[in-house]
Amino acid sequence: MTLYPGLISRTITAAILIVFLCIGIFFLPQWLWAVGLIAPVAVAALEYARLFGWSLRRARAFTFILIAVCAVSVLSLNTFSVSFEALAMFFCWMAVLFWMFFVPVIIRYKQRSNKFLINALMGGVLIVPLWFSLVEMQRFPRILIGVLIGVWLVDIAGYFFGKKFGKNKLLPEVSPGKTYEGLIGGLIAIAIYVLILRMFYWSSVPFPDWALFILLPLGFVSLGVIGDLFESFLKRCSGVKDSGALLPGHGGLLDRIDSMTSIFPFAFLIMKMFVV
């Protein structure tokens, strides 16, 4: 078991989270699901503020703004559902562009700003689009569960492939544990998963094969790695190992959702373009 330290606690924590997620996804009305997700938004915001060493006043202000954005948006769910969907599309497009074009440059050139406003805006793009995508995708629970499984498969396969076969470091100065072998493992896992979905579930869905077998696997793996590396970069700049200690075996909430912050906005836009 020494090859996989913390595996038992990670597994138990993940199992508990999965149970709560399934209850929320399948049994809660959308507005209550949205309200329930505001608490994780607040936790993630506070952990993000901790990574920058913000004062209590600034941390609270940042957290309050993110909560306010989500809370006000919840009010439009039933009365102005079209407006909520438009907001979700706007924030998710902003997030995808941020992850694709800005974060790689930030990581590559190790550019961390000391400006509160810039870092606060980055935090908003990191957290708020994930909330919007989770709320909107709850209307399609099977798709939401399918995306979650895809995220977990990439994470799990990358973890085990990296531990077992990892020799070539991806970006050791940012995340010493990330390897090219883990990246390939995640890509293989998501490709097999997509193939199974196509054969047994998506056979009747008008989903282009090029998007299914190229766009989805590459998008999930590349964006997942970028999300993971970005949080590792922030932690390394801050000199901390974990963003928090909320989840045994995982660290903080941001440590658990790092790849979700980058993958879910992408998955939501793919869903809107090709599926529903």
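# Reading a helical chain, feature by feature

Me: What pattern does the chain follow when read along the sequence?

Reply: The order is α-α-α-α-α-α-α-α-β-β-α-α-α, with eleven helices and two strands in the chain. Helices (H or I, at least four residues) and strands (E, at least two) are DSSP runs, numbered from the N terminus. A word on the source: this is a predicted model, where local features need pLDDT of at least 70, side-chain atom pairs count only at pLDDT 80 or more, and totals for chains, interfaces and linings use all residues. Residues are numbered from 1 along each chain as its sequence is written, and side-chain values use heavy atoms, leaving out hydrogens and water.

Me: How many of the residues in the chain are buried, as a percentage?

Reply: Buried means under 20% relative accessible area, exposed over 50%, and partly exposed in between (1.4 Å probe, protein chains only). Here buried residues account for 49% of the 276 in the chain.

Me: And what share of contacts join residues at least 24 apart?

Reply: Contact means heavy atoms within 4.5 Å. Taking contacts between residues at least 6 apart in sequence, 77% join residues at least 24 apart.

Me: How do I check the span of a helix, say α3?

Reply: The expected span is 1.5 Å times one less than the number of residues. Helix α3 (residues 38–51) has 14 residues and should span 20 Å; its end C-alpha atoms are 20 Å apart, so the two agree. Helix α7 passes the check as well: 22 residues should span 32 Å, and its end C-alpha atoms are 32 Å apart. For α9, with 21 residues, the reach from first C-alpha to last is 31 Å, close to the expected 30 Å.

Me: Which residues of α3 are buried, and what follows this helix?

Reply: I38, V41, A42, A44, A45, E47, Y48, A49 and L51 are the buried ones. G53 follows α3, and its phi is positive, near 65 degrees.

Me: Which residues touch the most other members of the largest nonpolar core?

Reply: A nonpolar core is a set of buried Ala, Val, Leu, Ile, Met, Phe, Trp, Tyr and Cys residues joined through side-chain atoms within 4.5 Å. The largest one has 78 residues, and Y48, W99, W131, M137, F220, F230 and F264 touch the most other members. Helix α11 (residues 253–275) supplies the largest share, 13 residues. Beyond its neighbours within four places in sequence, M137 is in contact with I143, L144, V147, F264, A267, F268 and M271.

Me: How do α4 and α7 pack?

Reply: Axes are lines fitted to C-alpha atoms, for helices over the stretch in contact, and angles run from 0 to 180 degrees between N-to-C directions. Helix α4 (residues 56–74) and helix α7 (residues 116–137) pack at about 35 degrees, with axes 11 Å apart. Among the residues making the contact are F62 and L66 of α4 and I127 and W131 of α7. By class, the contact has eleven nonpolar, three polar and one charged; Ala, Val, Leu, Ile, Met, Phe, Trp, Tyr, Cys and Pro count as nonpolar, Asp, Glu, Lys and Arg as charged, and the others, Gly among them, as polar.

Me: Why is α7 called largely enclosed?

Reply: Because 18 of its 22 residues are buried, α7 is largely enclosed by the rest of the structure. S133 is found in this helix and is buried, with a relative accessible area of 0%. Not counting residues up to four places away in sequence, S133 touches C92, F264, P265 and F268.

Me: At what angle do the axes of α8 and α9 cross?

Reply: Helix α8 (residues 141–165) and helix α9 (residues 180–200) cross at roughly 145 degrees, and their axes come within 7 Å. The residues that meet include G146, G150 and A157 in α8 and G182, G186 and A189 in α9. This contact has nine nonpolar, seven polar and one charged residues.

Me: Is L254 buried or exposed?

Reply: L254, in helix α11, is buried, with a relative accessible area of 3%. Leaving aside neighbours within four places in sequence, L254 is in contact with residues including A44, Y48 and E231.

Me: Where does D242 lie?

Reply: D242 sits in the loop between α10 (209–238) and α11, and is partly exposed at 25% relative accessible area.
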